[in-house]
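I set down here what I looked up in this structure, entry by entry.

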Amino acid sequence: MYKLIIADDEEIIRHGLVTLIDWSSLGFEVTGLFEDGRDVIDYLQKKDVDVILTDVCMFELSGLDIARYVYDNQRRMRVKVCLFSGYQDFTYAQEAIRFGVAEYLLKPIDPKELIKTMITIRDALDRRGTENEKESQPFGYLSSETWEKIKMLTALQAQAVGKEDTAAIQTYHKEFFTLLSNAKDSVVFLAVSILFERIFEYVKLPITADTSLSSLNFASIMESLHSKERKELSGAVLDALNKITNALETLRWDSLGNAQPSGTLIDRMKAYIEEHLSDSLEDIASEFNFNPSYLSRRFRTESGKRLSEYITERRITRAMHLLNTSDLTAKQISSMVGYQNEKYFCSCFKAFTGQTTQEYKRNGERPNGWKSCR
């Protein structure tokens, strides 16, 4: 039998864990119950233990302090530490990785998950001292190299959110969850909590009465994600990242509008488009330092017209003027108003005016009606 001790500052949880599981059938004997990390460390100085099942937060010394003590004395003791905690304590648990914590469980503890975890620990103990014993890994599922990559990706995603770079967010998000695909649920939630902690260290959203912003904080997001099934988590995380990015863009849009009273941003965009008809939507977004999709949504909200539709309108209007006032060919005009393909230009022109370029030039006037290119 492997010797197991349990530590939690709530008596009901300590005794619940003892009675909840048939420990002997799993190969464990519960040799001690403790309400604080100080008592655990005192016990470890006198007795041999194989596994410590402990809460992260306790009165004097925490589960993290226990893990640190075991790590610092690993030459004379080879103890497996399993932490359990609520999601709000994940910030403390990050340090546990440094101290070789074997497993991490979420509160409320699922009995099936606890049994599965303890079997994993028992199997690791069975291999102890053999050639098959694996190197210490964070929570027993990820190599140190993989965990370092995950931590790097949390930093990269935080920077991408701060820069409102949706393309980078998508790329890093996909790689992040690919690396976590084989990790257990508690490890995935830990990695996600580190991600959002990094984001809110990097990004500062103001305290506001706006409900769309007030819900964008670490506690609210983690509470929402904690209720998600594993299969839903990736999409929910990406949705949260996009909401934060959108909030940042909205704040910057509003601040730019307030800082430059000489016409709204929409007015300045329209003036820019008029002088740069050849620019694509991406070019315009880059000029104003906004994400293309956000810029399109904001333009439509404030002007009532899609940005792509407005660009087409201005291009065709300029083409109509050139057809009326010059002898330039349709090919020359198409290039001047931002179309690299003459055939596509002619198609857009007819969709917009109801006439071909030849018919329009022959008529010499703009027809009634209004159609936008599709």
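I counted rings of Phe, Tyr and Trp (its six-membered ring) as a pair if their centres lie within 6.5 Å; planes under 30 degrees apart are stacked, over 60 edge-to-face, and the rest tilted. With that criterion, I searched the whole structure and found nine aromatic pairs. The model is predicted, so I note its thresholds: local features need pLDDT of at least 70, side-chain atom pairs count only at pLDDT 80 or more, and totals for chains, interfaces and linings use all residues. Residues are numbered from 1 along each chain as its sequence is written, and side-chain values use heavy atoms, with hydrogens and water left out.

Entry: aromatic pairs.
I looked up F176 and F177, which form an edge-to-face pair, 5.3 Å centre to centre with 85° between the planes. F176 and F177 are both buried (under 20% relative accessible area, with exposed over 50% and partly exposed in between; 1.4 Å probe, protein chains only).
I then looked up F349 and Y360, also an edge-to-face pair, with 5.7 Å between centres and 75° between the planes. F349 lies in helix α18 (residues 342-353) and Y360 in helix α19 (residues 357-363), so this pair ties together parts that are 11 residues apart in sequence. Helices (H or I, at least four residues) and strands (E, at least two) are DSSP runs, numbered from the N terminus. Both F349 and Y360 are buried.
I found that ring pairs link Y339, Y344, F345, F349 and Y360 into a cluster. Over the ring of Y339 sits the charged end of R315, 5.2 Å from the ring centre; the criterion is NZ of Lys or CZ of Arg within 6 Å of the centre and within 35 degrees of the ring normal.

Entry: E249.
Is E249 buried or exposed? E249 is buried, with a relative accessible area of 2%, and it is found in helix α12 (residues 230-259). Leaving aside neighbours within four places in sequence, I list E164, F290, N291 and Y294 as the contacts of E249 (heavy atoms within 4.5 Å).

Entry: whole chain.
I recorded 19 helices and five strands in the protein chain. Of its 374 residues, 45% count as buried. Among the contacts in the protein chain with a separation of 6 or more, 66% come from residues 24 or more positions apart.
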